[in-house]
Each structure stands twice: as C-alpha cells, then as structure tokens.
Amino acid sequence: MSCEETVERLLRLHFRDGRTRVNGDALLLMAELLKVFVREAAARAARQAQAEDLEKVDIEHVEKVLPQLLLDF
Amino acid sequence: GSEAAGGEQRELLIQRLRAAVHYTTGCLCQDVAEDKGVLFSKQTVAAISEITFRQCENFARDLEMFARHAKRSTITSEDVKLLARRSNSLLKYITQKSDELASSNME
C-alpha cells in the first residue's frame, strides 16, 4: 500500500456515510498531519523523560504528555 | 456467510493498517531519538502507534462532518485545515503544505 492508500483506508474505516471520499490533496495533507502527530507525541515524551533526567523514554512519559497532545490536536 | 467474511476482511484490513502505522511510528520515533539523544522503549513506540491509530477515528469523523457541513461528500484541504485549527503552528504548517500543493497542481 502506498502512503496515500494507507491514509485513505485508515480514514475510510471510520466514515459513517458510504459516499464519503477524500481528494488527493487532502490525503497528502492528512499524511503530513499524522506525521506531525507522531513526532509531537515522541518529542514531548522525550522532553518529559529528559526533564526527569532520564535517557530512556517509557510509557509513563507518553501518559504524562498525552492529555495536552490531544488538546492541541 | 458473507457477513462473517466481511467482518473477517475488515479485521485483516485493520491489522494491516495497524502494522503500517506501527512501522511509520517506529521510523519517526527513531528520527526523534537521534535528534534528542534518547532511546524509546518498544512499549513506548507501540503506545504512540496505538494512540495515533485510534486518533484516526476522531480525525475521520470530524473530516466527514466538516465536508457534510459544506454540503460535500468529498473531503478537501479546507476540511484538513479546519482539523488543524487548535494549534497555531500546526495550522500554519498545514496551510503552508496546502499552498505548496495548490501551486504545484497549477503547473
């Protein structure tokens, strides 16, 4: 599956209306948005671990940054 | 029957999509790890991947609603920009990408 096809199928999994489609530009933008989402989650968790003087990022760090991440998206 | 087969197909698709998201998440976490000089535990990568996968449901439903509100059945860049409205920097980034796509479409 190409990146675009993956994004399309990911979204289409949750559409309520069978007629809903996503155009090419929107797919590319969503791919970008999802990448930003993942990078933000990772970067914020990393910063949290570093704030605790740790080099290893663990689930607790993700849990701590998750609420604000979801609010920002 | 065919309904059971449809359910199984859907489950298989979900597994494939989960795996694709997990793979990409791993790659992006690797980039961030190198950037910041940290290590991500396997469970952390899996957690971020799962969160992202689930967040797609919210994104998809919102996008569908935005398009429907505009009386369209096709989701466009405008809908994605609406999705990005909560963070100024994210909105700016998405708008920029959208403008780049629009100008390359015109060539």
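Q: How many residues of chain B are in contact with residues of chain A?
A: The structure is a predicted model. In it, the two chains touch, with 45 residues taking part on the side of chain A. The number on the side of chain B is 49.

Q: What is the area buried between chain B and chain A?
A: Carbon and sulfur atoms give 72% of the area buried between the two chains. The area itself is about 4700 Å².

Q: Which element gives the most to the side of chain B that touches chain A?
A: The elements that give two or more residues to this side include helix H1 (2-36), helix H2 (42-69) and helix H4 (88-106) of chain B. Strands E1 (39-40) and E2 (74-75) of chain B are also among them. With 15 residues, the element that gives the most is H2(B).

Q: How many nonpolar residues does the side of chain B that touches chain A have?
A: By class, this side of chain B has 8 charged and 14 polar residues. Its nonpolar residues number 27.

Q: How many salt bridges does the rule find across the interface of chain B and chain A?
A: Across this interface, 18 residue pairs are found in polar contact. For salt bridges, the rule finds 0.

Q: Which side chain of opposite charge is nearest to A:Asp25?
A: A:Asp25 lies in helix H2 (residues 24-51) of chain A. Leaving aside neighbours within four places in sequence, A:Asp25 is in contact with B:Ser77, B:Leu101 and B:Asn105. A:Asp25 is buried yet has no salt bridge. At 9.3 Å, the nearest side chain of opposite charge is B:Lys81.

Definitions and conventions: Residues are numbered from 1 along each chain as its sequence is written. Chains are lettered from A and ligands numbered from 1 in the order in which they are written. This is a predicted model: local features need pLDDT of at least 70, side-chain atom pairs count only at pLDDT 80 or more; totals for chains, interfaces and linings use all residues. Side-chain values use heavy atoms; hydrogens and water are left out. Helices (H or I, at least four residues) and strands (E, at least two) are DSSP runs, numbered from the N terminus. Buried means under 20% relative accessible area, exposed over 50%, partly exposed in between (1.4 Å probe, protein chains only). Lys and Arg count as positive and Asp and Glu as negative; His and the chain ends are not counted. A salt bridge is a side-chain nitrogen of Lys or Arg within 4 Å of a carboxyl oxygen of Asp or Glu. Contact means heavy atoms within 4.5 Å. Buried area is the accessible area (1.4 Å probe) that two parts lose on being put together, summed over both. A polar contact is a pair of N or O atoms within 3.5 Å; within protein, one must be able to donate a hydrogen and the other to accept it, and residues adjacent in sequence count only if both atoms are side-chain atoms. Ala, Val, Leu, Ile, Met, Phe, Trp, Tyr, Cys and Pro count as nonpolar, Asp, Glu, Lys and Arg as charged, and the others, Gly among them, as polar.
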